[in-house]
Amino acid sequence: MELKVYVHRLSQPARAVLLFCKMAGIQFEEVFIDLTMKQQKTPEFLEINPLGQVPAISHADFNLFESHAILIYLASAFPGIADHWYPSDLLKRAKIHSVLDWHHSNLRRSTAAYVMNSALAPVIGLPLNPQAAAKFDKLLCASLSTIDSVWLRESGPFLFGADLPSIADLSLVCEIMELEV
């Protein structure tokens, strides 16, 4: 298969890339990288992503990492991807970029830290930290409020009042669904 997607499904960014590929009809090979066994730090994987994180992709001779960059690339590189995912309209793209840029330093940071400190830490051999969880719960609530007051204030079921989802919607929903843990 020409496109390889390197993931661990515990990773929200990895889940967003997997879901996009499936929803957009992109053929790919899923390559499991076991984070609990530190496979992301092996020399072979560091050749694909020198930062040692998932997700990452290999497409022909091209490697790419960082979920938002991957989503933008996939939406642009594969023919027949519906325009609503990453519109050709520059103004709509700019709005998507504003959400994606905000996502990692706000919603992603608070959700990941909250889930780790309240539920997942023992999976990687760390103790739960209720004080840290409480701190990140406050940041998480502020992030969710921002989504409601800034990007969901227009009518329509998706960001910016759209009738169909974008890659920004997919990134946010995968993050919010992580709270089910």
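Trainee: Which residue in β3 does Y6 stand opposite?
Mentor: Y6 stands opposite A56. A word on the ground rules: this is a predicted model, where local features need pLDDT of at least 70 and side-chain atom pairs count only at pLDDT 80 or more, while totals for chains, interfaces and linings use all residues. Residues are numbered from 1 along each chain as its sequence is written, and side-chain values use heavy atoms, with hydrogens and water left out.

Trainee: And how do β1 and β3 pair?
Mentor: Strand β1 (residues 3–7) and strand β3 (residues 56–59) pair in the antiparallel sense, over four bridges. Two strands count as paired if DSSP finds at least two bridges between them. The strands (E, at least two residues) and helices (H or I, at least four) are DSSP runs, numbered from the N terminus.

Trainee: What's the strand order in the sheet?
Mentor: The order is β2-β1-β3-β4, four strands in an open sheet with mixed pairing. At the edges are β2 (29–32) and β4 (62–65), each pairing on one side only. On average, neighbouring strands are turned by 20 degrees against each other, direction ignored.

Trainee: Which strands does helix α1 touch?
Mentor: Helix α1 (residues 12–24) packs on the sheet and touches β1 and β2. The direction of α1 makes about 150 degrees with that of β1. Helix α3 (residues 67–77) also packs on the sheet, touching β1, β3 and β4, and its direction makes about 130 degrees with that of β4. Contact here means heavy atoms within 4.5 Å. Axes are lines fitted to C-alpha atoms, for helices over the stretch in contact, and angles run from 0 to 180 degrees between N-to-C directions.

Trainee: New topic. How many salt bridges are there?
Mentor: The count comes to four, where a salt bridge is a side-chain nitrogen of Lys or Arg within 4 Å of a carboxyl oxygen of Asp or Glu. One of them joins the side chains of E30 and R9, at 2.7 Å from N to O. That pair links distant parts of the chain, with E30 in strand β2 and R9 in the loop between β1 and α1, 21 residues apart.

Trainee: Is E30 buried, partly exposed or exposed?
Mentor: E30 is partly exposed, with a relative accessible area of 31%. R9 is partly exposed too, at 45%. The cut-offs are under 20% relative accessible area for buried, over 50% for exposed, and partly exposed in between (1.4 Å probe, protein chains only).

Trainee: What does R15 meet in a salt bridge?
Mentor: The side chain of R15 meets that of E178, at 3.6 Å from N to O. R15 lies in helix α1 and E178 in the segment after α7 (167–177), 163 residues apart. R15 counts as partly exposed because its relative accessibility is 22%, whereas E178 counts as buried at 8%.

Trainee: Where is R108, the residue that pairs with E178?
Mentor: R108 is in helix α5, 70 residues apart from E178. The closest N and O atoms of that salt bridge are 3.5 Å apart, and R108 counts as buried at 18% relative accessibility. Salt bridges that share partners join R15, R108, E175 and E178 into one network.

Trainee: What is the phi of A60 near, then?
Mentor: Phi of A60 is near 60 degrees, a positive value in a residue other than glycine. A60 sits in the loop between β3 and β4 and is exposed, with a relative accessible area of 55%. F160 has a positive phi as well, near 65 degrees. F160 is found in the loop between α6 and α7, and counts as buried at 19% relative accessibility.

Trainee: Last one: where is L126 found?
Mentor: L126 is found in the loop between α5 (107–120) and α6 (130–151). L126 is partly exposed, with a relative accessible area of 44%.
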